[in-house]
Amino acid sequence: MLLPTLTISLNLDNDFWFLLNHGEYISNYGFPVVEPFTIHGNFDFIIQQWLFDVILYHIYTYVGKFGVIILVYVTALIIVYLIYKLCMLLSDYKFYLSVLFTVYIYLLLCMWFMVSRPQIFTYIFILVELFSLEVYIKNKKWYSLIPLPLVSLALINCHSSMWWLSLAFILPYVFETISIKKWSLNIEPLNKMPIYISTF
């Protein structure tokens with residue numbers, strides 16, 4: 001499973017310097033309401049990934065480019081672990097099938113999407129959300145959904161333009177709580193309240 005990691009580019013993403021500048025600005029001056037690095041005057045601006053920018057800035061300040069690459073690699077290893085755990089859960093712990101799907105998905109991510117951008121954190125948050133929801137389906141215990149508000153909070157601070165992804169992935173589970181006799185598949189619907197509370 002570690003072999004796809006070797007396909008991750010060692011080059012910094014084009015957006016890196018944009019993110020780094022904002023991380024430095026926030027660390028030194030706080031949150032800007034006007035874009036400080038544009039040629040246009042008084043350009044209203046909201047930093048959508050402020051926490052990721054700050055983390056990136058501090059890593060680059062103390063460790064340099066090597067530290068940023070290590071961040072991407074460590075994030076990739078966390079992602080492959082979460083993909084594997086999710087595949088095992090969904091396949092009822094079929095090891096070889098889970099490994100096959102994990103390697104395939106992980107290879108695609110490493111080849112094109114594992115870069116020094118906030119999306120790498122977003123992958124982690126979405127995988128944790130899906131894993132929590134699937135565990136809830138298995139055990140029907142409300143505390144399985146405790147990570148969901150925390151994931152939402154982390155996502156909105158690390159990559160707020162992707163907040164809708166969290167909602168998009170939970171909506172099928174919300175629909176699964178609705179029992180419509182006409183279209184019943186003889187599947188016991190999920191308990192509504194824990195899903196609704198964790199969604200809203």
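**Helix H3 and its neighbours**

So, H3 passes H4 in a right-handed crossing, that is, the near helix is turned clockwise from the far one by less than a right angle. Helices here are DSSP runs (H or I, at least four residues), numbered from the N terminus. Before I go on: this is a predicted model, where local features need pLDDT of at least 70, side-chain atom pairs count only at pLDDT 80 or more, and totals for chains, interfaces and linings use all residues. Numbering runs from 1 along each chain as its sequence is written, and side-chain values use heavy atoms, with hydrogens and water left out.

Back to H3 and H4 (residues 95-112): their axes come within 9 Å and cross at roughly 145°. Axes are lines fitted to C-alpha atoms over the stretch in contact, with angles from 0 to 180 degrees between N-to-C directions.

What about H5? H3 (residues 65-90) and H5 (residues 119-139) pack at about 20°, axes 10 Å apart. They're therefore roughly parallel, meaning an angle under 35 degrees. This crossing is left-handed.

Now look at Ile79. Setting aside neighbours within four places in sequence, Ile79 is in contact (heavy atoms within 4.5 Å) with Leu109, Met114, Ile120, Tyr123, Ile124 and Leu127.

Ile79 also turns up in the largest nonpolar core, which has 43 residues, and is among those with the most contacts inside it, as are Leu56 and Phe121. By core I mean buried (under 20% relative accessible area, 1.4 Å probe, protein chains only) Ala, Val, Leu, Ile, Met, Phe, Trp, Tyr and Cys joined through side-chain atoms within 4.5 Å. And which helix gives the largest share of this core? H3, with 11 residues.

Conventions: Helix = DSSP H or I, 4+ residues; strand = E, 2+ residues; numbered from the N terminus. Parallel < 35°, antiparallel > 145°, perpendicular 65-115°, else oblique. Buried < 20%, exposed > 50% of the residue type's maximum accessible area, 1.4 Å probe, protein only.
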